[in-house]
Amino acid sequence: PLEGLLAADEVAVMGQSCGGVEALDISPDPLVKTSVIWNSGIHIRDTPDSRIKINKDKLKALHAPIAYFIGGPGDIAYANATDDYARIDRVPVMMANLPLGHMGNYNLPMGGPFAPVGVAWLDWRLKGDQKAKAVFVGPHCGLCGDPAWTIQSKRLDELR
């Protein structure tokens with residue numbers, strides 16, 4: 001029933017918390033055009049008994065733009081995400097923090113404030129929507145002007 005309705009050449013991966021680590025694990029796949037990581041990041045320390053087999057080396061294999069949406073310093077994943085951001089230098093990356101903690105505000109109607117920025121990122125990266133791009137880039141960047149958010153980015157200005 002979805003034949004002809006899906007753009008198989010415009011693939012995004014995303015996940016929240018443990019799902020974010022799983023999204024990072026698959027992000028190097030050549031089909032992936034962008035990744036969105038919610039309240040997550042690759043664990044800073046490898047432990048021999050860990051069930052999580054992905055490590056920071058995976059970040060070297062990224063080939064497409066990536067966005068992190070994190071719940072601020074109170075988010076349990078904050079340290080992992082900020083460490084990922086510091087290590088990523090080959091691809092455009094953005095990290096947006098809204099101090100809502102690890103579970104953000106996903107329980108609010110329509111996903112709360114995280115949802116529209118995620119949709120804008122996908123609209124920009126998968127559809128080329130320039131209005132959506134302005135949420136993240138430019139002299140009047142929408143998130144940049146919102147005092148609730150803390151934004152960091154590298155190389156976003158290279159993107160169409």
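**Exercise 1. What covers the buried residues of α1?**

Solution. This is a predicted model.
- Step 1: Find the helix. α1 spans residues 18-26.
- Step 2: List its buried residues. They are Gly-19, Gly-20, Val-21, Ala-23 and Leu-24. Buried here means under 20% relative accessible area.
- Step 3: Look for the cover. It includes β1, β2 (32-38), β3 (66-70) and α2 (78-87).
- Step 4: Check the placement of the helix. α1 lies across β1, β2 and β3. It runs at about 150° to β1.

**Exercise 2. Give the strand order of the sheet, and name its edge strands.**

Solution. 
- Step 1: Trace the order. The 5 strands run β1-β2-β3-β4-β5 in an open sheet. Their pairing is mixed.
- Step 2: Find the strands that pair on one side only. These edge strands are β1 and β5 (150-154).
- Step 3: On average, neighbouring strands are turned by 10° against each other, direction ignored.

**Exercise 3. In which sense do β3 and β4 pair, and what packs on the sheet?**

Solution. 
- Step 1: Strands pair through backbone hydrogen bonds, either parallel or antiparallel.
- Step 2: Read the pair. β3 and β4 (residues 93-97) are parallel, over 5 bridges.
- Step 3: Pick out a bridge. Phe-69 has Ala-96 of β4 as its partner.
- Step 4: Turn to helix α3 (residues 114-127). α3 packs on the sheet and touches β1, β2, β3 and β4. Its direction makes about 170° with that of β2.

**Exercise 4. Which residues form a nonpolar patch on the surface?**

Solution. 
- Step 1: Name them: Leu-2, Leu-5 and Leu-6.
- Step 2: Take their accessible area together. It is about 350 Å².

Definitions and conventions:
Residues numbered from 1 in each chain as written. Predicted model: local features only at pLDDT ≥ 70, side-chain atom pairs only at ≥ 80, totals over all residues. Heavy atoms only, no water. Patch = residues over 30% accessible without salt bridge, like charges linked within 9 Å, V, L, I, M, F, W, Y side chains within 5 Å. Areas by Shrake-Rupley, 256 points an atom, 1.4 Å probe, with all protein chains shown as cover. Salt bridge = Lys/Arg side-chain N within 4 Å of Asp/Glu carboxyl O. Buried < 20%, exposed > 50% of the residue type's maximum accessible area, 1.4 Å probe, protein only. Helix = DSSP H or I, 4+ residues; strand = E, 2+ residues; numbered from the N terminus. Contact = heavy atoms within 4.5 Å. Pairing = 2+ DSSP bridges. Axes fitted to C-alpha atoms, helices over the stretch in contact; angles between N-to-C directions.
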